[in-house]
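Reader: Please show me the model, and then take me through its side-chain contacts.

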Amino acid sequence: MVMLGIDIGGGQIKAGMVDEEGAILAARTIPTPADLDTFLPSLQEAVRWLMEATALPAGVGVGCKGIINPDSTQVEMLPGSLHFLEGLRLSELIGLPNDVPVFADNAARVALAGEMVWGAARGHDDVVMLTLGMSVGGAAVVGGRLLRGHCGVAGQLGHLTIEPDGVPCVCGNRGCLETVFSARAIEGEAWSAVHRGCDSTLTRLFREQPQLATCRTIFQAASEGDELSRAIIAKAIRRLGAALAGILHIFDPELVILGGQVADAGDDLLIPLQEEVWTRSQGLLGRKVPLVEQQVADKSGIVGAAGLVMAPRN
């Protein structure tokens with residue numbers, strides 16, 4: 001059996017055929033068209049190419065940002081460059097026969113679906129996942145099922161309020177988790193400190209090679225002893241740890257999975273974060289909830305999307 005996984009992003013659409021072991025058999029990446037008139041033929045041409053290279057899929061999984069109705073696959077809300085998809089059913093855009101089932105959900109739930117089928121969440125009934133990138137996504141498995149909530153908004157953990165009077169967030173709230181812990185937030189802290197003239201090994205790098213002014217660079221500088229970088233990372237981890245402790249008290253999960261580009265920092269993130277979370281949660285939970293890295297190696301979103309086809313449903 002092969003499944004088609006599709007990840008619809010603002011810059012690229014990534015699609016691929018995936019087998020039952022989670023291996024990508026064939027894949028195609030195309031630039032995301034700017035309007036519906038070019039979006040449809042571009043997506044459908046990529047799907048046809050994949051079928052010619054493999055076979056008709058047994059099912060299709062689609063991951064997309066925004067609020068997606070998993071029952072109808074309708075895009076309920078999608079601000080930004082892909083707003084033209086709002087109100088449309090993703091199942092009707094693929095161009096496959098009607099008897100091929102199509103499942104769709106937002107990007108974080110898609111990532112967790114892949115982990116349920118092939119990764120760290122396999123065999124577990126209660127799991128929380130955070131995707132730590134330019135923004136912060138979240139998803140949860142409760143009682144063996146992906147949590148979607150009454151209107152499909154459940155799991156938006158990046159929009160927990162951490163600072164009631166904090167900076168505005170893209171969601172319309174203020175002080176959300178992703179405004180204080182995300183690649184953008186960490187990079188913004190470093191840029192601001194360098195601009196103020198703070199002493200750091202980042203100063204010359206940021207000014208002479210701004211393309212290297214990334215979250216990964218800041219974690220690296222912190223590991224090499226740069227005091228400014230260490231302070232920025234420690235502050236960000238303390239905030240994430242506080243939020244995560246609260247999440248543990250709500251969901252009481254068996255484990256927490258961390259994915260996304262910030263999680264690529266590995267032990268530089270996981271070790272201090274685990275300690276911060278343990279300190280804040282041990283009194284009530286009485287146990288250390290493991291924080292583990294995402295196990296599905298594919299970061300394109302293709303395998304996670306394909307996991308929607310095989311993941312348990314309500």
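**Contacts in the predicted model**

Author: Glutamine 12 stands opposite proline 31 in strand 3. This is a predicted model, in which local features need pLDDT of at least 70, side-chain atom pairs count only at pLDDT 80 or more, and totals for chains, interfaces and linings use all residues. Residues are numbered from 1 along each chain as its sequence is written, and side-chain values use heavy atoms, with hydrogens and water left out.

Reader: How many bridges join strand 2 to strand 3?

Author: Strands are DSSP runs of E with at least two residues, helices are runs of H or I with at least four, and both are numbered from the N terminus. Two strands pair if DSSP finds at least two bridges between them. Strand 2 (residues 12-19) and strand 3 (residues 24-31) run antiparallel, and the number of bridges joining them is seven.

Reader: How are the planes of phenylalanine 39 and phenylalanine 84 arranged, stacked or edge-to-face?

Author: Rings of Phe, Tyr and Trp (its six-membered ring) pair if their centres lie within 6.5 Å; planes under 30 degrees apart are stacked, over 60 edge-to-face, and the rest tilted. By this rule there are two aromatic pairs. Phenylalanine 39 and phenylalanine 84 form one with 5.8 Å centre to centre and 70 degrees between the planes, which is edge-to-face.

Reader: Why does the pair of tryptophan 191 and phenylalanine 206 count as tilted?

Author: Tryptophan 191 lies in helix 4 (residues 183-195) and phenylalanine 206 in helix 5 (residues 202-208), so the pair ties together parts that are 15 residues apart in sequence. The ring centres are 5.0 Å apart, and the pair is tilted because its planes stand at 50 degrees.

Reader: Are aspartate 105 and arginine 148 buried or exposed?

Author: A salt bridge is a side-chain nitrogen of Lys or Arg within 4 Å of a carboxyl oxygen of Asp or Glu. Aspartate 105 and arginine 148 form one, with the closest N and O atoms 2.6 Å apart. Buried means under 20% relative accessible area, exposed over 50%, and partly exposed in between (1.4 Å probe, protein chains only). Both aspartate 105 and arginine 148 are buried.
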